[in-house]
Amino acid sequence: MSKHRLVVVGGSLAGLRAAETARKLGFAGQVTMISAEPGLPYDRPPLSKAYLTAGGVDVTFRDRDALRGLEIDLRAGVRATSLDVAARTVFTDHGAFPYDGLVIATGVSARRPPIPGDLEGVHTLRTEADARAIRTAFDAGARVLVVGAGFIGSEVASSARARGLEVTIVEHLGTPLVRSVGSDIGAALSSLHTGHGTGLRLGTKVVSLEGKGKVERARLSDGTVLDVDLVVLGVGASPNTRWLTSSGLKLDDGVVCDEYLRVAPGIYAAGDVARWPNGLFGGAPMRLEHWTNATEQATAAVRHWLRPETVQPHEPVPYFWSDWYDSRIQFAGSPAGDQVRMVSGSPEEGRFAALYRRGDRVIGALTLNRPSLIMKLRMLVARRTNWADAVRFATGR
Amino acid sequence: MRLEVDYTRCTGLGVCEAIAPDVFTIADDGTMRIVESCPADRLRSMLEEAVSGCPTEAISIVE
């Protein structure tokens, strides 16, 4: 089957990497990137960090000349509306794009919980436009309410404190980060907030927001009322798959792929939107919202399309990092285990390492301020190391 | 093949160490050190992976 046209739907990290990988592998056909957001592809991690605390941060990945040099045709401000698999065509609000190979990299959108009160000054944080609005509010000295003690919310709170602002995090669970790092570690990390002057209300919801036109007060489920000027919602994200609803492709909290990131013949998915079976963890389907996942999957997916004789099951060790205040949290593997064990350091010391066990294997590792150790622990996970051996290696290291 | 690091971009995230631990190493103060700045050519594809894997695009391969 001919391979003249690669269409990549998604203009962020996974989309860009898919397009660049095609050129790196010598693909000489048409490469088109369809991006719903206007503007050039840009990097998201700085949006909750340096973008909010420093001035003039440029998050653009590539300028127009660079894309032109690679003959990558970026159609920005173009939104995919449907996919006709039989006709091998992506339909958008700016016309139809036939393809031979398709990479779905449409990512996720931040969730907006239904808090009563339709007021200005309430933002999610996903796009550069969101970050700009939040930074403007920071510049004006806003009193900040963060809804959700996840990684985005925590980084926004950290950035607010770096700017000398008052900030409170409201989290509906009794312990934050339960799904990402487990409740023991989640509780240990909470002390980073309280230790830096961030208010933390666990087991609490925002009942309503009040104000005239813009937000002025937040009413919480514990009865308190906070005076606020800015509310940032960090309550998770949903995959952008609505445009695929009538495509016939399997959707289940993301686009469902096989172990080669293939959705259907000639169709692949990569990045935050892709759900795929990771053989490293017994093949249970997972969907990751990690920076490294977007790059790795996009690269692998395009390589699988162009060089099908070289396909390998995609079995990376997931990795993410998060920077809070003056600390760095790093995680490798999966937290979905039977046990967590702190093997080095302690929360009181401000640096520690913890391992996660499933059955008799180490499946995950988390470090706080141990940048020299995390990748050695990641290697243990990659090698499916026996739990006792992993604990022996890591204890006291 | 020579490696160059932009230390204004590098924050010691360690993806490079994960991909090529014999070439890159992160110290506990978070700085990255190149163990071998002129690596053998047979390491090229692994190093290209490290270049594209770096979240701050701090590494480049210079001929």
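In which sense do β19(A) and strand β20 (residues 267-269) of chain A pair, and over how many bridges? The legends below begin with this pair.

This is a predicted model, in which local features need pLDDT of at least 70, side-chain atom pairs count only at pLDDT 80 or more, and totals for chains, interfaces and linings use all residues. Residues are numbered from 1 along each chain as its sequence is written, while chains are lettered from A and ligands numbered from 1 in the order in which they are written.

**View 1. The strands β19(A) and β20(A) pair in the antiparallel sense over two bridges.** Strands are DSSP runs of E with at least two residues, helices are runs of H or I with at least four, and both are numbered from the N terminus. Two strands pair if DSSP finds at least two bridges between them. Within this pair, R262(A) stands opposite Y268(A) of β20(A).

**View 2. An open sheet of chain A is formed by six strands in the order β3-β2-β1-β7-β20-β19, with mixed pairing.** Its edge strands, β3 (72-76) and β19 (262-264) of chain A, each pair on one side only. On average, neighbouring strands of the sheet are turned by 20° against each other, direction ignored. Here axes are lines fitted to C-alpha atoms, for helices over the stretch in contact, and angles run from 0 to 180 degrees between N-to-C directions.

**View 3. Two helices of chain A lie across strands of the sheet.** Helix α1 (residues 13-24) lies across β1 (5-9), β2 (30-35), β3 and β7 (101-104) of chain A and runs at about 175° to β2(A). Helix α8 (residues 291-306) of chain A lies across β7, β19 and β20 of chain A, at about 165° to β7(A).

**View 4. The helices α1(A) and α8(A) pack at an angle of about 35°, their axes 8 Å apart.** Their crossing is right-handed, a term used if the near helix is turned clockwise from the far one by less than a right angle, and left-handed if anticlockwise. Residues are in contact if their C-beta atoms, placed from the backbone, lie within 7 Å. Residues of α1(A) that meet α8(A) include L13(A), A14(A) and R17(A), and those of α8(A) include W291(A), A294(A) and R303(A).

**View 5. Strand β14 (residues 217-220) of chain A runs antiparallel to β13 (residues 206-210) of chain A, joined by four bridges.** The bridge partner of V206(A) is L220(A) in β14(A). Six residues lie between the strands of this hairpin, in which G211(A) takes a positive phi near 160°. Three bridges join β14(A) to the antiparallel strand β15 (residues 225-227) of chain A, where A218(A) stands opposite L226(A). The hairpin of β14(A) and β15(A) has four residues between the strands, and G223(A) takes a positive phi near 95°.

**View 6. In α2(B), L47(B), A50(B) and G53(B) are buried.** These three residues cover an arc of only 125° around the axis, which puts them on the same side of α2(B); the arc is that of the directions from the helix axis to the C-beta atoms. A residue is buried if 20 or more other C-beta atoms lie within 10 Å of its own, exposed if 12 or fewer, and partly exposed in between, with C-beta atoms placed from the backbone. The face of α2(B) turned away from its buried side carries the exposed residues R44(B) and S45(B). Among the elements covering the buried residues is α8 of chain A.
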